[in-house]
Amino acid sequence: MHVCLLLPAYNEAKTIDQIIREASEFVHDILVIDDGSVDQTAQVAEKAGGKVIKHYTNLGKGMALRTGFDYISQKDYDLIITMDSDGQHQPSDLPRFIDHFEKHQSDILIGARIHNRFEMPCHRRLNNWLVSSVGSALCGQEVEDFQSGFRLIRAEVVKSIELHTERYETESELLIKAGRIGFKIQSIPIATIYNSEISNIRPLREMWLFTKLLINSLKSD
């Protein structure tokens, strides 16, 4: 199988080097989408061995993912794995994703933050529960952690779906549209490291964006 690791990144110069170096033990091809960083993210990522595509202004995580999906779709990759670039996810979990895929042939495999969910900041835990509950209903499949950025995705999935959103709701849009056309979504538990870094997530803004996605999804029924 031909696998590409996709890392959307915004001002992650402190963490991107270690992520790439650890991940390269398990995945040969690593693509970093530098979403308008004002630090040395692109330079550090290239030095660590990642291929970098740079947005010269910050367009949002969704646009970074879409840029990566577009690039990967033009190549002969079978699988895409997405991870966050802030150090929350452990590259050592990558073999577990690939092993699960080989055994169960998921179309999308979510790294679910279920065992250490209470370590998640309270407002994010509430937001995650609400989005996961509503999102599961919309996609027609139970998804334990709708907002997790650690995912394995068949390349066929992103080739079959047209994405329109631009920020954090893009991850939800992908699941809703994939589930509705019959792609199989599964989950495996992962550990997540919550550090003291300032999150780029703005809960009220992201909840509003998900609400807009919800309304648009209902209109399309």
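This is a predicted model: local features need pLDDT of at least 70, side-chain atom pairs count only at pLDDT 80 or more; totals for chains, interfaces and linings use all residues.
Me: Where in the chain does Asp-93 lie?
Reply: Asp-93 is in the loop between strand S4 (79-82) and helix H4 (94-104).

Me: And does Asp-93 count as buried or exposed?
Reply: Asp-93 counts as buried, because its relative accessibility is 10% and the cut-off for buried is under 20%.

Me: Turning to the whole chain, how many helices and strands are there?
Reply: The chain has eight helices and seven strands. It consists of 221 residues, and 52% of them count as buried.

Me: Among contacts between residues at least 6 apart in sequence, what share joins residues at least 24 apart?
Reply: That share is 75%.

Me: Which residues touch the most other members of the largest nonpolar core?
Reply: Leu-6, Phe-69, Ile-108 and Val-157 do, in a core of 28 residues. At least two residues of this core come from each of strand S1 (3-9), strand S2 (29-35), helix H3, strand S5 (108-112), helix H5 (122-139), helix H6 (155-160) and helix H7.

Me: What is Val-157 in contact with, leaving aside neighbours within four places in sequence?
Reply: Val-157 is in contact with Asp-107, Ile-108, Leu-174, Ala-178 and Phe-183.

Me: What does the second, separate core include?
Reply: The second core has 27 residues, including Ala-23, Val-27, Phe-97 and Ile-188.

Me: Now the cavities: how many of 30 Å³ or more does a search of the whole structure find?
Reply: The search finds one cavity of 30 Å³ or more. The largest cavity holds about 80 Å³ of space.

Me: Which residues lie nearest the centre of the largest cavity?
Reply: Leu-65, Phe-69, Thr-82, Arg-151 and Glu-171 lie nearest its centre, out of 14 lining residues. Helix H3 (61-73), strand S6 (151-154) and helix H7 (169-180) are the elements that each give two or more residues to the lining. Phe-69 was also named among the core residues that touch the most other members.

Me: How do the lining residues divide into nonpolar, polar and charged?
Reply: Seven are nonpolar, three are polar and four are charged.

Conventions:
Residues are numbered from 1 along each chain as its sequence is written. Side-chain values use heavy atoms; hydrogens and water are left out. Helices (H or I, at least four residues) and strands (E, at least two) are DSSP runs, numbered from the N terminus. Buried means under 20% relative accessible area, exposed over 50%, partly exposed in between (1.4 Å probe, protein chains only). Contact means heavy atoms within 4.5 Å. On a 1 Å grid over the protein atoms alone, a cavity is a set of points where a 1.4 Å probe fits but cannot get out, and a pocket is an open set with protein on both sides within 12 Å along at least five of seven lines; lining residues have an atom within 4 Å of a point. Grid points are joined across faces, edges and corners, and a volume is the space filled by probe spheres set on the points. Ala, Val, Leu, Ile, Met, Phe, Trp, Tyr, Cys and Pro count as nonpolar, Asp, Glu, Lys and Arg as charged, and the others, Gly among them, as polar. A nonpolar core is a set of buried Ala, Val, Leu, Ile, Met, Phe, Trp, Tyr and Cys residues joined through side-chain atoms within 4.5 Å.
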